[in-house]
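Dear colleague,

I am passing on a structure that you have not worked with before, together with some notes on it. Please have a look at it first, and then read on.

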Amino acid sequence: MAYPPAAQSSPPRQPSVKVILAAADVSRVVDRIAHQILEKTQGAADTVLLGIPTRGVPLARRLAGRISTFEDVAVPVGVLDITLYRDDLRRHATRAVGPTELPPGGIDGKRVILVDDVLFSGRTVRAALDALSDVGRPASVQLAVLVDRGHRELPIRADYVGKNIPTALAESVKVTLAETDGTDEVKLYGGATS
Amino acid sequence: MTAYLIKNVSVVGAAPTDLLIRDGVVAEAGAGLTAPDATVLDGTGLVALPGLVDLHTHLREPGREDAETVESGSRAAALGGYTAVCAMANTSPVADTAGVVEQVWRLGREAGLVDVQPIGAVTVGLAGERLAELGAMADSAARVRIFSDDGHCVADPKLMRRALEYVKAFDGVIAQHAEEPRLTEGAQMHEGEVSTRLGLTGWPAVAEEAIIARDVLLAEHVGSRLHICHVSTAGSVEVLRHAKARGVKVTAEVTPHHLLLTDEKAETYDPVYKVNPPLRTAADIAALRAALAEGVIDIVATDHAPHAVEDKECEWAYARPGMLGLETALSIALDVLGPQWDLIAERMSRAPARIAGLEGHGLDPAPGVPANLTLVDPAAHRTIEPAELASRSRNTPYARMTLPGRIVATFLRGEPTVLDGKAVK
Amino acid sequence: MIRHLLSGADLDADTATQILDTAAEMATVAGREVKKLPALRGRTVVNLFYEDSTRTRISFEAAAKRLSADVINFSAKGSSVTKGESLKDTALTLQAMGADAVVVRHPASGAPHRLANWVDGSVVNAGDGTHEHPTQALLDAYTMRSRLGRLAGLHVAIVGDVLHSRVARSNVLLLSTLGAKVTLVGPPTLIPVNISAALAPGTDVSYDLDAVLPDVDVVMMLRVQRERMGDSYFPSAREYARRYGLDGPRMRRLPAHAIVMHPGPMNRGMEITPEVADSPRSTIVEQVANGVSVRMAVLYLLLGGNNR
C-alpha cells in the first residue's frame, strides 16, 4: 500500500496578527445578525438555519439561541456538509465527510438561511447551494456570515454580514469560536509584506 | 592453441602459486613459472576452482528457444564458472529417446562453452506410465547416465522400483523430483502461515519427505543408486541423514535459492519467486545449510529454469515455476558457506562430477589434469541486473541484490570461455 | 491515505472507522429523492471482472454511479493465460483509457496486487481467488455496527469453509483490527491450523458449532461448495449440514440479541436453512444494501482527493 508523502509545510515567517473582533465584539455581531434576520424575515417564520461545517454550525446554533431569546421563536437548526460538493476535492488529500442533519420538519418550502464564518471566494456557498438542491427544495435561500473579507470569484453575496473586513489576497482571516476552538475571536494574519 | 600462465592464484584456497595451461591440460603448477609464449593472467587475489558442474540445468532446447537455448544457457553457465552442465529432459519433445539426447549433446558440442551432458527421461513423455528406452539413451553418443522426470515425480512406486533396478546395468542413477502429486494438487507455494495468509494452495513439506522416504527404502531394497533433486525441507534432511547412516546409495542436491530465500518472498505475489519445490521457511534454510556443510546433502545444483517474460509477468497461479541460477550460484554459495573453498569445490564440482560420471571434470587444477577450471574474485561484489544476464530469460530472484564474488575467467579444456568476466564467444 | 484496497490488512483502525463513518453518510443518499453526489464527477471507474459475480459488480457499479463517476464494465471471464489477453496487457489498456480506479474480481489469488503494479490508478480488490474480499468485510462490519451499535468487544463466529474463503480472511483481519473477537468454526479439513498465527493472533478455532453459539453476538455462515465433497473435505452434504449447518434449533441457542449473517449466495439447506435465512435475526438483505454505501465510501476515500 502506497501512501503519498506528507505535505511539507514550511513554518510561516512571523506574520503580523491583528485582532479584528474580540470575544465581546463577536457576541455583539451575532446579536446584530440575529436582529437583522428577525427584521428581514418578519419574525423568522418558516425559517431554517443550516450551518456549514465547521464553524458555521455553532454560529447557526448561536443565532437560533439569540433569536429565541429576543423573540421567543424556535428556529430549527441543521447541518449541511458540503464536502462531496466542493470543486477543489482533487487539490487535497481526501477530505473526511461529515454528517448532514436536516431538522425534523425538513427544508422543503422553507426559507433556508445558510450560515458560515467567513465569506471569501464564494465557492463554499456555491457548493452549499448544490448540496441544498440535492436534499430538498426550499422556498428561498439566504446567506449569513460572520465576516465578509471580499475577493469573490462567483456572483454570490451575503444577506447578513457581521463585519466587512477589507483584506489583501495574501492576508488570511481566521475565526475561532468557543465551541470549536476555546475562544471567540477574529484575527487577520498579514501577508507577504510583514 | 594459446597457452595461459596464471600468476599468483590460490588453488582451492591454498597459498598463491602459478598455473600454466597448455594443450588443454594444466601443464605445470608452482611458484615462479615462466612461459614466454603464454598469455599471462594476473591471478593475485583470485581463487582457482575446478570448473563447476551443474547436475540440474534446464536449457529449454528443443522447444522453448524463446526462453533459453543450449548456446545461451551454455554461455550463462560459463559466466557462472561452470564447465559442465547436465541438461534436464523436460524439453519439447521430451528427451526420452536416443535421438533427442544426441541432439542436445550435439548442440552443446557446437556451442563449445561447457560440456552439456543430457539427462534422459525416466518415463515416456514424462507421463509416469512406462519406462523410456533408458538403455538406448545410455548407449547413444550422449552416453546418458542420469535419468530424471524432473518437473514430475516418478510417483508410481512400482515404476520407480523398476527404473532404479534397470539402470544398474549401465551404472545409471535415477534423479527423483520428490513430490507426491496427490498431496500437491493445485499447489502454489509452501504450505504454511504465508500460504494461509495469501490464499495460495499449499505445497506441504510432507509431499517431498514421503517420496524421499519411500525412494530411499526402494533404493536400499534393490541396491541401486538414487539421487534426490532440489531437497527443500528440514524433514527431508532427516530422512536423508537416516538413509545415509544405513548405507543407502543416495545422493542429494540443494539449490542456491533454497539456501537463501524464504516463502515470505511470495507476499508480493511476484511469480519470479514461484518455484517447484517452493521456497520454504527460515528453519528449513537453516537445516539445509547445516546438511550441506555436513555432507548429508552432497551438492549444490542450480535448477536453472529460464522462463519467457509472459510466463512470469502474470498472475501467480498462472505463472510457470522456476528461476534462473547459473550466473549467480557461486555467489550464493559464497554468501551462504563463506570462503570455505574446499567445501565449495566439493559441493559444486567434485561431487556432482562423480555423481554424473563426467570424466575430466571435478578435478582440482594440478599438473596433467584437464584444464577445466574457473577463477573467482572473492573480494568483488556485484549487483544483479536481470538485463545484464547472458540467459535469454530474466527471471532471477536476485534482481538488484548485491552478492559477493565474481567469476573472472573460466577454462574448458584449456580454452578460455570467460575472460575478464566476459564471455569469449 | 491509502492508494489501493487490496487486503483487510491495508486498513488500520482509524481508516476502517473513517470508511464506516463515511458509509453511514453515504447511506443517507439512498433515502433521498436525488440519489447522486457529484464527488467523483469526471472520474472513471472500471469494473474488471474475471469471474461471474453479478451482485458484487452491480454493487460497485451503483456505488460509482451514485458518486457521479463514469463506469466501464469490462467482463473478462474466460480470459486466461492460454486464451485471450494477459492481465498485464489488459492493465495497459485500462491505463490508456484513463481508469482512475480498477475494481477487480479474479479467480487467482493476488491478481489485484499484480494489477496494482501495472496501472497508475487505484485498485480495489473485489475478491481474488481464495485470498481476500475486503469490501465484503467492510460491509459486514458496517452491518454489525448498525445492528449491534459497536464492533469492539463483539464475539463473531465465522462458520464453514474458511480454507477457501476470501470473505473469512478479510473479516478476520478487519474485525481484529476493530477490536472484535473471532472464532472460526468448521471441520478441521477446512480450517488451516495456522490461521491465527497467519492472520490475527487471538483468533480462536473450534470444531463444535453448538458449543460456540451461546457465546456469540454474530454468527456468519460461509458458503460451502458442494464440490468440496469430491475432494474429501467432508463426507457428504448431509453430514456437513448436520454438524455445521445453521438450522432453527441451533439458531435458538444464540443469545437473544445475536444476528445471523451470510455473504451470499446461500446454499439453502446446506449451511443455512430457510427458517434461519428468513428470520428477523438474519441481516442478509441489509448486507446487500450496506454494500453499496460501503463501496461508495471506499471509492470516495480512494478517488475523492489527490492521494498521489
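How many residues of chain C are in contact with chain A, and how many residues of chain A do they touch? Before the answer, please keep in mind that this is a predicted model. In that model, 21 residues of chain C are in contact with 20 residues of chain A. On the side of chain C that touches chain A, helix H1 (13-30) and helix H12 (284-303) of chain C each supply at least two residues, and the largest share, four residues, comes from H1(C). Sorted by class, the residues on this side of chain C are eight nonpolar, eight polar and five charged.

Chain C also touches chain B, and that contact takes 23 residues from chain C and 15 residues from chain B. Four helices of chain C each give at least two residues to the side that touches chain B, namely helix H3 (87-96), helix H4 (111-118), helix H6 (166-177) and helix H7 (195-198). By class, this side of chain C has nine nonpolar, nine polar and five charged residues.

One of those helices, H6(C), also packs against another helix within chain C. Helix H5 (residues 134-148) of chain C and H6(C) pack at an angle of about 55°, and their axes are 8 Å apart. With such an angle, H5(C) and H6(C) are therefore oblique to each other, and H5(C) passes H6(C) in a right-handed crossing. On the H5(C) side the residues that meet H6(C) are C:Pro134, C:Gln136, C:Ala137, C:Leu138, C:Asp140 and C:Ala141, while H6(C) brings C:Val167, C:Ser170, C:Asn171, C:Leu174 and C:Leu175. Taken by class, the contact of H5(C) with H6(C) has seven nonpolar, three polar and one charged residues.

Turning to the chains themselves, the secondary structure of chain A comes to four helices and eight strands, and from the N terminus on its elements run β-α-β-α-β-β-α-β-β-β-α-β. The radius of gyration of chain A is 17 Å, close to the 16 Å that the globule rule gives for 194 residues, so chain A is as compact as a globular protein of that length. Taken along the principal axes, the C-alpha atoms of chain A fill a box of roughly 50 × 45 × 30 Å. Of the 194 residues in chain A, 38% are buried, and among the contacts in chain A with a separation of 6 or more, 69% are between residues 24 or more positions apart.

Chain B, for its part, has 10 helices and 19 strands. Its radius of gyration is 20 Å, close to the 22 Å that the globule rule gives for 425 residues, so chain B is as compact as a globular protein of that length. The C-alpha trace of chain B spans about 65 × 45 × 45 Å along its principal axes. Buried residues make up 62% of the 425 residues in chain B, and 74% of the contacts in chain B with a separation of 6 or more are between residues 24 or more positions apart.

Leaving aside its neighbours within four places in sequence, B:Ala287 is in contact with B:Ala234 and B:Val237. B:Glu238 is 49 residues from B:Ala287 in sequence, and the two are 9.0 Å apart in space, C-alpha to C-alpha.

The other detail is a pair of helices. Helix H9 (residues 329-337) of chain B and helix H10 (residues 341-356) of chain B pack at an angle of about 135°, with their axes 11 Å apart. H9(B) and H10(B) are therefore oblique to each other, and their crossing is right-handed. In this pair, B:Leu330, B:Ala333 and B:Leu337 of H9(B) meet B:Leu343, B:Ile344 and B:Met348 of H10(B), and by class the contact has six nonpolar, no polar and no charged residues.

With best wishes

Conventions:
Residues numbered from 1 in each chain as written. Chains lettered and ligands numbered in written order. Predicted model: local features only at pLDDT ≥ 70, side-chain atom pairs only at ≥ 80, totals over all residues. Axes fitted to C-alpha atoms, helices over the stretch in contact; angles between N-to-C directions. Parallel < 35°, antiparallel > 145°, perpendicular 65-115°, else oblique. Left-handed = near helix turned anticlockwise from the far one by under 90°. Contact = placed C-beta atoms within 7 Å. Nonpolar A, V, L, I, M, F, W, Y, C, P; charged D, E, K, R; others polar. Rg over C-alpha atoms; globule rule 2.2 N^0.38 Å. Buried ≥ 20, exposed ≤ 12 C-beta atoms within 10 Å, placed from the backbone.
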